Amino acid sequence: RRWLRQHECVEKLNMHAILSASAGQELLLTELLVTYAKIPVLIGELISVEIWKHKVFPVLCRLEDFKPRSTFPIYVVLHHEASIINLLETVFFYKEICESAEDSILDLIDYCHRKLTLLAARSANGQIAVLVPPQELQKQAETMEFEISLKALSVLRFITDQVESLPLSALTRMLNSHNLPCLLVELVEHCPWSCREAGKLKKFENGAWHVVPPEDQVKMTKLDGQVWLALLNLLLSPECQRKYHFDGFNKSQLLKLRAFLTDVLIDQLPNLVELQRFLSHLAVTEPAPPKKDLVLEQVPVIWDHLLKKNAGKWEAIAKHQVKSVFSPTEEELKLQAHRWAQTYSLDMMEALAPDKPRCGMCGVEAAKRCSRCRNEWYCTR
């Protein structure tokens, strides 16, 4: 129950952050998150749920005697990760938020790397290797994992915006431990948020797949922009150029980008001219090897700490959670449904919806709703 209350708080924070950002009034929320040092707490919670999905969830699904009355409690835990990463995506635009993460920024970088690797695997294999949950959750889990990975891409881009103020260990982690520039090249090459179905180009935007009309097929999406901006930040920063190892493999991978830097693309993001110049220079020169001036390197601790602390206990944890969390009584389910109905009020959901309601008769934007059914909208009486 205490965890469910915490999830409700995260959900409300997430909705408040989206509404504040859309109104341009998110400064108060970011100040509060910094003042009360909540960013490291959210990162810790994010990684805890990720580990739960990898270690406890498969065990729980293999238990033969586990036949829940409702899969809703499991869905809530799966959704918790999506809520936190969405909140972080909304607030990480601000330098103060990035700095307030302190040492946990290393754990967040590792988290984003794992998610981008999933995206790259999806583009290579046509799907993400997700866990096999109960049948009714399978489709939701796959979709959620994909959307979480896209949110992680945005968070990583915001982190790269602050390369000048990041700890040295964070830069080393991104450039050398994970080789993020080459991973981003992979995403540019295979573009997992774009696919062809029945001869039509479809792109994933605003939480859904859309058919792209022929005249918009060369138009850069927000996700494309995030990848290119992250590459700009990592490759053009003097500090990153000093630390990154431009060996034969890395150089050949980066030079693949030149084929994608067309005039049409550069017209949409003019900063890419600088990247184009850098790659042309890289093609004809041999950059100096990086200076190894960092003797002690900080490492992320949250992931390793949780794995070591619970090693060998995953089955026991799953069995305990089946009894105490995932087998609620009818009354407990009704109570939880009531609490969620309060969290997700109709007015709140409408405020979060990307499209304004439209009149059921003429299709224009509507401001009035039927007081009886509460579903239909109209523009006049």
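Two strands pair if DSSP finds at least two bridges between them. Helices (H or I, at least four residues) and strands (E, at least two) are DSSP runs, numbered from the N terminus. The model shown is predicted, so local features need pLDDT of at least 70 and side-chain atom pairs count only at pLDDT 80 or more, while totals for chains, interfaces and linings use all residues. Residues are numbered from 1 along each chain as its sequence is written, and side-chain values use heavy atoms, leaving out hydrogens and water.

**View 1. Lysine 203 and histidine 210 face each other across two strands.** Here lysine 203 stands opposite histidine 210 of strand 3. Strand 2 (residues 200–205) pairs with strand 3 in the antiparallel sense, over four bridges.

View 2. Nine aromatic pairs turn up in a search of the whole structure; rings of Phe, Tyr and Trp (its six-membered ring) pair if their centres lie within 6.5 Å, and planes under 30 degrees apart count as stacked, over 60 as edge-to-face and the rest as tilted. Phenylalanine 93 lies in the loop between helix 4 (72–91) and helix 5 (95–100) and phenylalanine 158 in helix 7 (residues 135–160), so the pair ties together parts 65 residues apart in sequence. Phenylalanine 158 counts as buried, at 10% relative accessibility (buried means under 20% relative accessible area, exposed over 50%, partly exposed in between, with a 1.4 Å probe and protein chains only).

**View 3. Phenylalanine 204 and tryptophan 209 form another aromatic pair.** The ring centres of phenylalanine 204 and tryptophan 209 are 5.4 Å apart and the planes stand at 70°, so this pair is edge-to-face. Phenylalanine 204 is buried at 7% relative accessibility, whereas tryptophan 209 is partly exposed, with a relative accessible area of 29%.

**View 4. Arginine 114 lies over the face of tryptophan 303.** The distance from the ring centre is 3.9 Å; a charge sits over a ring if NZ of Lys or CZ of Arg is within 6 Å of the ring centre and within 35 degrees of the ring normal.
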